[in-house]
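Please examine the model below. The dialogue that follows takes up its interface, its cores and some of its helices.

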Amino acid sequence: MSTTAETATEIRPFEVEIAQEGIDDLRRRIGSTRWPTRELVDDRSQGVQLATLRELARYWANEYDFGRIAERLNELPQLTTEIDGVDVHFIHVRSQHEDALPLVMTHGWPGSVIEMLDVIGPLTDPAAHGGKVEEAFHLVLPSLPGYGFSGEPAEIGWYTGRVARAWAELMHRLGYARYVAQGGDQGAAVTDDLAHQAPEGLVGVHMNLLRTALGSTAGLPAESDEERAALDAVATFRQSGFGYFLEQSTRPQTIGYALLDSPVALAGWMLDHDTDSYYKISGAFLDGKPTGGLTRDHVLDNITLYWLTGTGASSARSYWEGGRAAALAAGKPPGAVSIPVAFTTFPGEIFRAPRSWVEKVYPTLAYFEEAPRGGHFAAWEEPELFASELRAAFKPLRGEGRTS
Amino acid sequence: MSTTAETATEIRPFQVEIPQEEIDDLRRRLAATRWPDRETVGDASQGVQLEKLKDLVGYWATDYDWHTAEAKLNALPQFVTEIDGLEIHFIHVRSPHEDAVPVIITHGWPGSVFELLKVVDPLTNPPSGDDAFHVVIPSLPGYGFSARPDAPGWNPDRIARAWDELMKRLGYERYVAQGGDWGAVIVEAMGRQAPDGLLGIHVNLAATVPPDVEAALAGAGPLPEMSEQERAVFDALVGYRKSGYSGYFVALTARPQAVGYGLTDSPAGLAAFMLWHPGFAGWSVDDPGTKSTDEVLDDISLYWLTNTAASSGRLYWEHGGASPTSAAGMKTAEITVPVGVTVFPDDVYRPPESWARRAYPNLVYFHEVERGGHFAAWEQPELFVGELRAAYRGVR
């Protein structure tokens with residue numbers, strides 16, 4: 001028998017088990033979907049198009065293999081541990097190379113650990129994926145609180161800064177005294193907060209979304225063609241792509257009712273994220289032409305995970321927490337990041353962050369690259385390319401003392 | 001046999017008849033609702049609270065009777081007619097007083113013709129025949145029993161032109177127009193178009209925020225000089241923007257179809273989304289105030305049973321995001337017809353008279369009443385009727 005204190009920091013193995021009745025209910029609901037009329041336009045400008053969503057629903061109910069999620073996740077070492085009162089689910093794959101660099105990678109919304117699965121091999125076993133043994137990582141992939149198999153916070157306060165502190169505790173608890181962190185989307189926000197907090201042992205970060213520019217482009221240079229293009233892209237997003245963001249930041253419970261009750265609502269809401277990934281995913285369903293790892297099955301693995309864990313509302317709440325945290329921090333800009341920052345711009349991202357912007361936000365920028373392919377879900381879409389970016393980005397941070 | 005031309009302008013009687021299986025399907029879906037966990041706060045700041053929505057859905061599934069709502073509509077003369085290629089549903093009640101003033105009254109979102117039913121009788125049958133109106137209450141395109149447009153273009157300007165056509169088709173060569181919410185946007189468009197015979201408009205959500213105040217609100221300009229009253233209104237607008245009430249407006253303007261899937265497939269999702277509107281702020285089953293639970297469910301059920309959640313949201317997309325309370329956004333300087341404004345104090349915005357005078361070059365009536373909010377005709381029908389009588393006395 002363990003004491004309470006021991007129980008609280010205990011790390012327990014975890015296996016996904018999905019009840020058949022949950023799958024039956026999901027299938028039944030998809031089959032009885034009541035549809036709106038078709039959008040009045042021939043593009044995504046009114047939202048996810050009816051033809052795309054109908055084909056997704058058809059494939060989901062009739063052809064998709066609901067055993068995939070458990071199969072894919074359970075072949076990986078999954079664990080849970082309670083941190084700051086919330087059960088955190090994570091995948092932990094140690095490289096066979098003992099001096100590999102520990103890396104905590106954070107997914108975003110509407111993603112999950114599913115979007116990271118195909119980078120596990122290239123990162124932990126680089127030699128088998130065109131890299132070198134000395135480029136290996138020990139990989140930690142947590143599920144954000146309120147997402148997937150992590151616990152759902154029952155109290156307010158779980159903004160990304162608190163998640164970042166939990167991640168530092170997680171890495172400490174796993175025995176990693178020297179590690180790096182990576183993230184895009186909400187994961188970029190967590191990673192940015194981690195970089196500001198600079199907990200002991202965190203030696204560098206890599207991000208693939210410039211979080212601050214989505215909030216405000218004030219003070220960012222707008223002279224070169226690429227700077228102006230990025231500014232236009234942010235403005236477009238804030239004008240027409242911001243609906244989901246504002247809705248989740250202000251009334252997550254309101255949209256949550258539909259996301260819990262209607263699988264097609266959930267799928268439509270998740271697909272509506274950004275223009276580039278929408279058309280790529282739509283192409284996978286309508287034309288049978290997936291882009292990289294954004295296949296029909298992969299996309300439905302992610303949506304099905306949200307459905308079966310019932311986390312449509314709780315994941316949306318992370319935006320509300322972000323809005324609340326931003327309001328509380330108004331007028332108190334965070335200090336500069338002191339540790340090395342690496343950044344990769346992927347061309348299909350909501351906006352292509354130019355080097356000048358990233359340098360302005362992170363004066364300690366040590367690595368910057370523009371990838372030739374990939375978008376918002378870079379690790380998911382282009383796992384090999386993404387992994388090679390991380391190898392290059394973190395190369396200078398290796399070999400200084402013990403890594404684990 | 002009628003020719004095509006005659007058919008197109010024909011006015012046909014209309015009765016509501018929702019098939020029983022659709023009501024059964026709604027009940028079944030309500031009973032099978034899969035609920036999220038409770039919100040993490042003790043108030044409505046994350047949206048409609050779980051326990052309150054569960055109460056409403058429970059009542060909707062078991063005790064609520066759509067047939068009563070249907071009977072309320074069918075007790076009034078309803079018609080449809082095709083205008084500009086689209087079937088328009090409307091209620092048309094003529095006053096017994098032949099020289100009554102014809103008025104077209106337009107609802108908004110998340111409202112419907114239901115919000116206007118209580119004012120029909122007092123407007124058409126006033127104590128003094130001098131105050132009588134012939135009342136026309138259309139359903140907006142894509143709303144209720146009007147048809148859903150299947151091509152883009154049905155923006156407020158086009159609806160405004162259709163309303164003038166409707167009034168002329170009914171034989172009303174001289175008439176007035178009234179509206180709140182989208183209704184206000186549409187009658188202001190009518191005011192700018194100033195078709196022959198439009199004697200005046202009355203709005204209860206006035207487009208009066210001046211451009212310099214608008215700029216200050218957006219953080220794009222300095223704080224203009226303001227009176228104490230104006231400053232109080234300004235502060236309220238700042239608070240409104242921070243409160244998260246405007247998120248539904250942004251979501252529908254940007255991606256009505258994305259929101260529409262959930263509202264079409266989940267009645268609980270539809271109810272939660274409609275109750276987000278500030279017109280329902282503070283409303284709940286256990287504290288319904290002036291809007292009874294049955295009345296609220298009449299309105300929500302209408303959206304559900306006509307499958308118009310997505311099509312009604314598209315009006316925001318068509319409109320493109322200009323604020324209905326912005327004088328510049330609604331181009332009020334171009335409104336030449338006489339304008340009447342009534343302020344209901346609990347509406348989302350409570351403009352001072354000074355701003356109304358700046359906004360409308362031909363403001364002939366301004367009054368703030370003591371009670372009522374966004375759904376003024378629904379919440380305070382007597383006050384609303386009194387305001388229409390007073391506002392239009394000058395045009396008779």
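Student: How many residues does the contact take from chain A and from chain B?

Tutor: This is a predicted model, in which local features need pLDDT of at least 70 and side-chain atom pairs count only at pLDDT 80 or more, while totals for chains, interfaces and linings use all residues. Residues are numbered from 1 along each chain as its sequence is written, chains are lettered from A and ligands numbered from 1 in the order in which they are written, and side-chain values use heavy atoms, with hydrogens and water left out. Contact means heavy atoms within 4.5 Å. The contact takes 52 residues from chain A and 56 residues from chain B.

Student: What area do chain A and chain B bury between them?

Tutor: Buried area is the accessible area (1.4 Å probe) that two parts lose on being put together, summed over both. Of this area, 54% lies on carbon and sulfur atoms. On the side of chain A, A:R34, A:R251 and A:Y257 supply 20% of what that chain buries against chain B, more than any other three residues. The total for chain A and chain B is about 4,600 Å².

Student: How many residues has the largest nonpolar core?

Tutor: A nonpolar core is a set of buried Ala, Val, Leu, Ile, Met, Phe, Trp, Tyr and Cys residues joined through side-chain atoms within 4.5 Å; buried means under 20% relative accessible area, exposed over 50%, partly exposed in between (1.4 Å probe, protein chains only). Among the residues with the most contacts inside the largest core are A:W60, A:F351 and B:W66. Its size is 238 residues.

Student: At what angle do helix α4 and helix α13 of chain B pack?

Tutor: Helices (H or I, at least four residues) are DSSP runs, numbered from the N terminus; axes are lines fitted to C-alpha atoms over the stretch in contact, and angles run from 0 to 180 degrees between N-to-C directions. The axes of α4(B), residues 66-74, and α13(B), residues 293-305, are 10 Å apart. The two helices are roughly perpendicular (65 to 115 degrees). Their packing angle is about 90°.

Student: Is helix α12 of chain B largely enclosed or largely open?

Tutor: Helix α12(B) spans residues 267-275, and its buried residues include B:L270, B:F273 and B:M274. Nine of the nine residues are buried, so α12(B) is largely enclosed by the rest of the structure.

Student: Does A:I120 count as buried or exposed?

Tutor: A:I120 lies in helix α5 of chain A, and its contacts beyond four places in sequence include A:L76, A:I91 and A:L139. At 6% relative accessibility, A:I120 counts as buried.

Definitions and conventions
Parallel < 35°, antiparallel > 145°, perpendicular 65-115°, else oblique.
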